[in-house]
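Please keep the structure open as you read.

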Amino acid sequence: MTSAVETSLALLRDISSVAEMKDLAGKGYAPSQRPKVNSHIHLPPNFSAFNTVQQAVDLASEQSVGVLGVSNYYDYDVYGPFIKLAKSKKIFPLFGLEIICMIDDLRKAGVKINDPGNPGKMYICGKGITRFAKMTPQGSRLLNLIRKNDSTRMDAMIQATEKVFSQRGLPTGTNINSAVEMIVKRHGSPRQTVYLQERHIAQAFQEATFARVNPEARIEKLNTVFGAATKARNSDDFVTVQNDLRTYLLKAGKPAFVDETFIGFEDAYKLILELGGYPCYPTLADGNSPICAFEEPVERLIQNIKDRNVHTAEFIPVRNAPDVLSKYVKAMRAAGLAITAGTEHNTLDLIPIEPTCKNGVPIPEDLKQIFWEGACVAAGHQFLSLHGQIGFVDSNGNPNPNYKTAEDRITAFAKLGAAVIRKYQET
């Protein structure tokens, strides 16, 4: 599969030379109309609203989304077919990743970052990654460490969950192999690309329960297993049952919880750079109430991001009220951070591909322009990285030294990215 991914990447690298693209960017070459953009979705075998990559690309095309970014956890072979399918629909692909890490001093201080339940736990994204087909030795080492830690924990959680189910009168026979097989059958994903997530565990036990318990007896049986009343509206409400299973059994302090083993921020940061990308801070803001201490007020968040040599941020606006989103995005952009937005699509809810604010409220037009600019920055970095050149940041994560200010750098990369996107869509 690696060679297939490399072949797919060539479709992007070879659309033009760097010199030609910089010349076109200088002449204002860009799409005639700003396309709809989503810079962050998850594709199977990650837990995803989409059954297949084809479905995700087809829906994006039907909904006139012109730029689509993927930010999967821990395996990137799916990016190969994604590139080819996106190309067939003239959708420009952005490549990212998502990592969970721990900042020990903030954990000890009880500071919540962008995980409202766990002090010190940070989600960090990489944007514009390009070396996911042929990784550096350091990149492979770090990614394999993450995979090993995560897989060990998922196995332990499945065993603990099966123990709870058995003790409470509903043995299911679920194990790590059957959970992986569930994903393989559902999505057609190669087994070696499957890395389980907590949501997969909940799905596996929910499906096993529904297969073993008749609808008329499910609610009572679930209440017994959970040790609490399910919030399910009816006996077929599988999404709520999965959420309840996580709440009552898998979360910290619950009977099937297993302590997480995280890499540190420095290693997560290094992995992103080793894969050719740049670090990006995913902002929760009022996606939690109260807003996490790391992110409130926005001026503190900006300083916290910059102190860690991170120069971009991202929002999942469906979590946010329009006024809060506007306050945060505008302040962060004014402070010299490039900003993107996405939907994740990491639940089974098949929401629209183009991001919206909370309750489906449209994103204000001025923010859409900022998010488009951020996507263009990613496209520009991605293009230069594919050609072996310094992108938005260098190999140490420092701002590209060819630009005097953050504003100059964002503007230049946005122009380059816009030119790349248009060239790709016309090729």
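Start at Arg218, which sits in helix 9, residues 215–226; helices here are DSSP runs of H or I with at least four residues, strands are runs of E with at least two, and both are numbered from the N terminus. At 7% relative accessibility, Arg218 counts as buried, a word that stands for under 20% relative accessible area with a 1.4 Å probe and protein chains only, while over 50% is exposed and the range in between is partly exposed. Leaving out neighbours within four places in sequence, Arg218 is in contact with Phe210, Val213, Ser235 and Asp236, contact being heavy atoms within 4.5 Å.

A word on the ground rules. This is a predicted model, in which local features need pLDDT of at least 70 and side-chain atom pairs count only at pLDDT 80 or more, whereas totals for chains, interfaces and linings use all residues. Residues are numbered from 1 along each chain as its sequence is written, and side-chain values use heavy atoms, with hydrogens and water left out.

Now for the interior. A nonpolar core is a set of buried Ala, Val, Leu, Ile, Met, Phe, Trp, Tyr and Cys residues joined through side-chain atoms within 4.5 Å. The largest one has 104 residues, and Ile99 and Met332 touch the most other members. Helix 14, residues 365–386, gives the most to this core, with 12 residues. Val213, met above as a contact of Arg218, belongs to a second, separate core of 30 residues that also includes Val194, Ala202 and Leu245.

Most residues other than glycine have a negative phi, and most peptide bonds are trans. The bond from Pro44 to Pro45 is cis, with omega near 20 degrees, and Pro45 lies in the loop between strand 1 (36–41) and helix 3 (53–62). Another cis bond runs from Ser289 to Pro290, with omega near 0 degrees. Pro290 is in the loop between strand 6 (278–283) and helix 12 (298–307), and that loop also holds Ala285, whose phi is positive at about 50 degrees. Ala285 is buried, with a relative accessible area of 2%.

Finally, step back to the whole chain. The secondary structure comes to 15 helices and 8 strands, and 56% of the 427 residues count as buried. The C-alpha atoms fill a box of roughly 70 × 45 × 45 Å along the principal axes.
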